[in-house]
Amino acid sequence: KICRVNLCLFFNDPNIKPNLKRHDIIFKEDSGFNNCLENCFEEQFDYIITNPPWGSKFTQGQKDLLLKKYPLLKTTESFSITLYNSFLKLAPEGTLIFFLPYSFLNVFSHGSIREYLLKQRISLTIRLLGNAFEGVMSEAIRLEISKARNSLNSIMVFSKKNPSPTIIPLSGIQAPDYIIPATAANQELKVIEKIYQKDHFLLKGNAKFALGVVTGNNKEHLQRKATESSEPIFRGKDILPFQFKTPELFIQFNPAIYQQVAPVEMYRQRKIVYRFISDRIICVLDSEKRLLLNSANLFIPTLDYPLETIVALFNSELYTFLYRKIFHSKKVLRSHLESLPLPLLSQEEHLFFKVLHEKYRTGDKDLRELDYAVYEIFGLKQKEIQIVEQG
């Protein structure tokens, strides 16, 4: 009905007779609607243009059905499934235009649909729209797919900031997550490519992650003053690069009564703690078994790589650049940290970062020595350093 009204208004004709049909793009006919992919019509379309539903709520039974029906996608996100089915209905010379959340480009759960599209040898164009919808916090993009033009082994990205498009080579979009760094300019992409060319490890598959405590009622469970039976608990805002602030909150820790708690042993061992809400990575090494609130998360590397080196790298200006340009996020996600390179270093280099870590842990706040040490590790020249620091 809304579509019919919009068409009447657009064409200024109340008597218009548009050819409208209602179909379900996700589920089969037995879900209550016809499914336009399987059971309704066989024709394909020259143009498919839509703002698909973002974050539709499904029952657990529906989610199980979707995971079984779309094993390639490995997700129950409605817009990923809609995009996949729409692409299959696109004519050989067809064009598809979707309005999507920015998360399509860089969130782990959409990695499979990104991989699928990138391997189709089609023309992909992305237009960055920012906060396009009133009342919607998510930034938006316009994704344009053309089957008429073969891919030039790259993606074109347009934004309001840059008059000329950014060209992202497909070679720079790496497995396993196929993240598309759409906010990076051409020069910045070259720096990112150079960084990842250095031999490195990843945390993916090499670390255990856990969330801070979700009490369910902070007013009831948190205290402003310490007592004999309480202990400090640290929030995201209590985490500084290399250091914890003086605690302001205390808790009588009883994990059985809270809404969500990680295995207690995760808190009670040596770990790296990081802010969850942040436009840069801010992390600290905890050797004192501290408790964390849910605005602070943790990980424990399982590979043979010094924790002091990881903390030093992640707090540096270069890793802030990587985080902002690749992920363009205000939430530091597990998948982000798992994708950042841990360069292969000598014992002497690890020892140097350990000395730097101790220097910053005990109070020095000037991180320039750290920043230039990290630039040197990756062999960045002065012009490349300027690109990083101006980014």
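**Figure 1. Ser 335 counts as buried, at 10% relative accessibility.** Buried here means under 20% relative accessible area, exposed means over 50%, and partly exposed lies in between, with a 1.4 Å probe and protein chains only. The model is predicted: local features need pLDDT of at least 70, side-chain atom pairs count only at pLDDT 80 or more, and totals for chains, interfaces and linings use all residues. Residues are numbered from 1 along each chain as its sequence is written, and side-chain values use heavy atoms, with hydrogens and water left out. Ser 335 sits in helix H10 (residues 334-339); helices (H or I, at least four residues) and strands (E, at least two) are DSSP runs, numbered from the N terminus. Leaving aside residues up to four places away in sequence, Ser 335 touches Phe 108 and Asp 177, where contact means heavy atoms within 4.5 Å.

**Figure 2. The protein has 13 helices and 18 strands.** Along the principal axes, its C-alpha atoms fill a box of roughly 75 × 55 × 40 Å. Of the 391 residues, 45% are buried. Among contacts with a separation of 6 or more, 67% are between residues 24 or more positions apart.

**Figure 3. The largest pocket has a volume of about 1400 Å³.** On a 1 Å grid over the protein atoms alone, a pocket is an open set of points with protein on both sides within 12 Å along at least five of seven lines, while a cavity is a set of points where a 1.4 Å probe fits but cannot get out; lining residues have an atom within 4 Å of a point. Grid points are joined across faces, edges and corners, and a volume is the space filled by probe spheres set on the points. The largest pocket is lined by 33 residues, and Cys 3, Lys 21, Ile 48, Ile 49 and Thr 50 lie nearest its centre. Two or more lining residues come from each of helix H1 (2-11), strand S1 (45-50) and helix H3 (78-88). H1 gives the most, with six residues. The lining comprises 20 nonpolar, eight polar and five charged residues. In this classification Ala, Val, Leu, Ile, Met, Phe, Trp, Tyr, Cys and Pro count as nonpolar, Asp, Glu, Lys and Arg as charged, and the others, Gly among them, as polar.

**Figure 4. The largest cavity holds about 50 Å³ of space.** Cavities of 30 Å³ or more number two. The lining of the largest cavity is made up of Phe 104, Arg 114, Leu 117, Leu 118, Leu 124, Ile 126, Leu 143, Ile 155 and Ile 180. Helix H4 (111-118) and strand S3 (122-130) each supply at least two of the lining residues, and H4 has the largest share, three residues. By class, eight of the lining residues are nonpolar, none is polar and one is charged.

**Figure 5. Strands S8, S17, S14 and S15 form, in that order, an open sheet with antiparallel pairing.** Strand S8 (207-210) and strand S15 (283-286) are the edge strands, each with a single partner, so one side of each has no neighbour in the sheet. From one strand to the next the twist averages 25°. Two strands pair if DSSP finds at least two bridges between them. S8 is joined by four bridges to strand S17 (residues 296-301), and Ala 207 is opposite Pro 301 in S17.

**Figure 6. Strand S14 (271-275), with S15 and S17, has helix H8 (residues 307-314) lying across it.** H8 runs at about 165° to S15; axes are lines fitted to C-alpha atoms, for helices over the stretch in contact, and angles run from 0 to 180 degrees between N-to-C directions. Four of the five residues of S14 are buried. S14 runs antiparallel to S15, with four bridges between them, and Val 273 has Val 284 in S15 as its bridge partner. Four bridges also join S14 to S17, again antiparallel, with Tyr 274 opposite Asn 297 in S17.

**Figure 7. A four-stranded open sheet has the order S9-S13-S10-S16 and mixed pairing.** Strand S9 (222-223) and strand S16 (291-292) stand at the edges; each has a single partner strand, so one side of each is left without a neighbour in the sheet. Strand S10 (residues 231-234) and strand S13 (residues 249-251) run antiparallel and are joined by three bridges. Pro 232 has Phe 250 in S13 as its bridge partner.
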